[in-house]
Amino acid sequence: MSEGPAAQVLRLDKLLFALRLAKSRTLAQRWIAEGHMRRNGVRVLRIDQPVCPGDTLTLPLPDARGAPVLVIEILSLPLRRGPATEARMHYRAVGPALTGADHSP
């Protein structure tokens with residue numbers, strides 16, 4: 001196993017709050033409980049799901065382009081809930097997210 005910051009883990013609900021993707025941990029917990037989030041392609045069923053750098057999260061949240069699903073790669077784990085500019089340094093959007101037009105036959 002690797003050592004240092006890459007070996008860190010953080011609960012998914014705390015991560016969503018710290019990355020400013022959820023306005024509160026309670027809201028993050030509700031989203032997770034609804035069962036629409038994925039970690040590395042696997043549906044998340046636990047609020048305390050551990051997340052570490054390198055994980056890919058699929059979130060049912062609109063991205064900056066207006067797509068209904070946001071896919072992010074976790075680059076590092078935040079130590080606190082800081083300003084939005086600081087939060088964005090801990091993840092990057094990956095791949096083209098699906099839009100409603102992508103689902104048409």
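This is a predicted model: local features need pLDDT of at least 70, side-chain atom pairs count only at pLDDT 80 or more; totals for chains, interfaces and linings use all residues.
Visitor: Why is the contact between Arg 25 and Asp 13 called a salt bridge?

Guide: The closest N and O atoms of Arg 25 and Asp 13 are 3.2 Å apart. The cut-off is within 4 Å, so the pair qualifies. Arg 25 belongs to helix α2 (residues 25-33) and Asp 13 to helix α1 (residues 12-18), so the bridge ties together parts 12 residues apart in sequence.

Visitor: What makes Asp 13 buried?

Guide: Its relative accessibility is 0%. Buried means under 20%, so Asp 13 falls in that class.

Visitor: Why does Arg 25 count as partly exposed?

Guide: Arg 25 has 32% relative accessibility.

Visitor: Which residues are linked with Arg 25 in a network of salt bridges?

Guide: Arg 11 and Asp 13 are linked with Arg 25 in that network.

Visitor: How do you know that Arg 39 and Asp 55 meet in a salt bridge?

Guide: Their N to O distance is 2.8 Å. Strand β2 (residues 38-39) holds Arg 39, and the loop between β4 (50-51) and β5 (56-59) holds Asp 55, so parts 16 residues apart in sequence are tied together.

Visitor: Is Asp 55 buried or exposed?

Guide: Asp 55 has 5% relative accessibility. This is under 20%, so Asp 55 is buried.

Visitor: How many salt bridges does the rule give?

Guide: The count comes to 6 salt bridges.

Notes. Residues are numbered from 1 along each chain as its sequence is written. Side-chain values use heavy atoms; hydrogens and water are left out. A salt bridge is a side-chain nitrogen of Lys or Arg within 4 Å of a carboxyl oxygen of Asp or Glu. Helices (H or I, at least four residues) and strands (E, at least two) are DSSP runs, numbered from the N terminus. Buried means under 20% relative accessible area, exposed over 50%, partly exposed in between (1.4 Å probe, protein chains only).
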